Amino acid sequence: MLIVSQFFIKYFTPKYIGGISLFPFIIVANNTIKENKVFINHEKIHIRQQAELIIVFFYSWYIIEFMIKLIKYKKFYKAYENISFEREAYVNENDLEYLKNRNFWSFLKYL
């Protein structure tokens, strides 16, 4: 389900974030982002990842992997973009059919 909430994005996420996936919702900052099929596909990939890892394990894994990458790269954005979940989503966001053919736990290929 898509939700447009400038309030949530403004007060609960970093400034450069246009949207976020919080299973089962995709929360976006405005209607322009809501119409961006590539952005929405990226977030749908995260929804699938969250469902596969029963939500709580997704966020635990995400945070732990981020901390490891932050130690490795010493830069916030570089650590973020190298998280396996993000790598899978960024590599496949332009393929609007990706989720139809995606294998279970495909993010493991991006570790």
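Q: Is glutamate 81 buried, exposed or partly exposed?
A: Glutamate 81 is partly exposed, at a relative accessible area of 31%. On that scale, buried means under 20% relative accessible area, exposed over 50%, and partly exposed in between, with a 1.4 Å probe and protein chains only.

Q: What kind of model is this, and how are residues numbered?
A: This is a predicted model, in which local features need pLDDT of at least 70, side-chain atom pairs count only at pLDDT 80 or more, and totals for chains, interfaces and linings use all residues. Residues are numbered from 1 along each chain as its sequence is written, and side-chain values use heavy atoms, with hydrogens and water left out.

Q: Back to glutamate 81. Which element is it in?
A: Glutamate 81 is in helix H5. Helices (H or I, at least four residues) and strands (E, at least two) are DSSP runs, numbered from the N terminus.

Q: What is glutamate 81 in contact with?
A: Glu86 and Arg87, leaving aside its neighbours within four places in sequence. Contact means heavy atoms within 4.5 Å.

Q: How far apart are glutamate 81 and lysine 69 in space?
A: They are 9.3 Å apart, C-alpha to C-alpha, and twelve residues apart in sequence.

Q: Lysine 69 is in H4. Which residues of H4 are buried?
A: Phe58, Tyr62, Glu65, Phe66 and Lys69. They lie on the same side of H4, because they cover an arc of only 110° around the axis. The arc is that of the directions from the helix axis to the C-beta atoms.

Q: And which are exposed on the other side?
A: Val56, Phe57, Ile63, Ile64, Ile68 and Ile71 are exposed there.

Q: What do the buried residues of H4 pack against?
A: Helix H3 (37-52), helix H5 (76-81) and helix H6 (84-92).

Q: How many residues does H4 have, and what is its reach?
A: H4 covers residues 56-73, which is 18 residues, and reaches 25 Å from its first C-alpha to its last. That is close to the 26 Å expected at 1.5 Å a residue, where the expected span is 1.5 Å times one less than the number of residues. Just after H4, lysine 74 takes a positive phi of about 60°.

Q: Now H6. Which of its residues are buried?
A: Ser84, Phe85, Glu86, Glu88, Ala89 and Asn92. Their cover includes H3, H4, H5 and helix H7 (98-101).

Q: Switching to the strands. Which way do S2 and S3 run?
A: Strand S2 (residues 19-22) and S3 run antiparallel, joined by four bridges. They form a hairpin with two residues between them. Isoleucine 20 stands opposite isoleucine 27 in S3. Two strands pair if DSSP finds at least two bridges between them.

Q: And S1 with S3?
A: Strand S1 (residues 2-4) and strand S3 (residues 25-28) run parallel, with three bridges. Leucine 2 stands opposite isoleucine 26 in S3.

Q: What about serine 21, buried or exposed?
A: Serine 21, in strand S2, is buried, with a relative accessible area of 4%. Not counting residues up to four places away in sequence, serine 21 touches Ile26, Glu43, His46, Ile47, Gln50 and Tyr59.

Q: What is the overall element count?
A: Seven helices and three strands, in the order β-α-β-β-α-α-α-α-α-α from the N terminus. The radius of gyration is 14 Å, close to the 13 Å that the globule rule gives for 111 residues, so the protein is as compact as a globular protein of that length. That radius is taken over C-alpha atoms, and the rule is 2.2 Å times the number of residues to the power 0.38.
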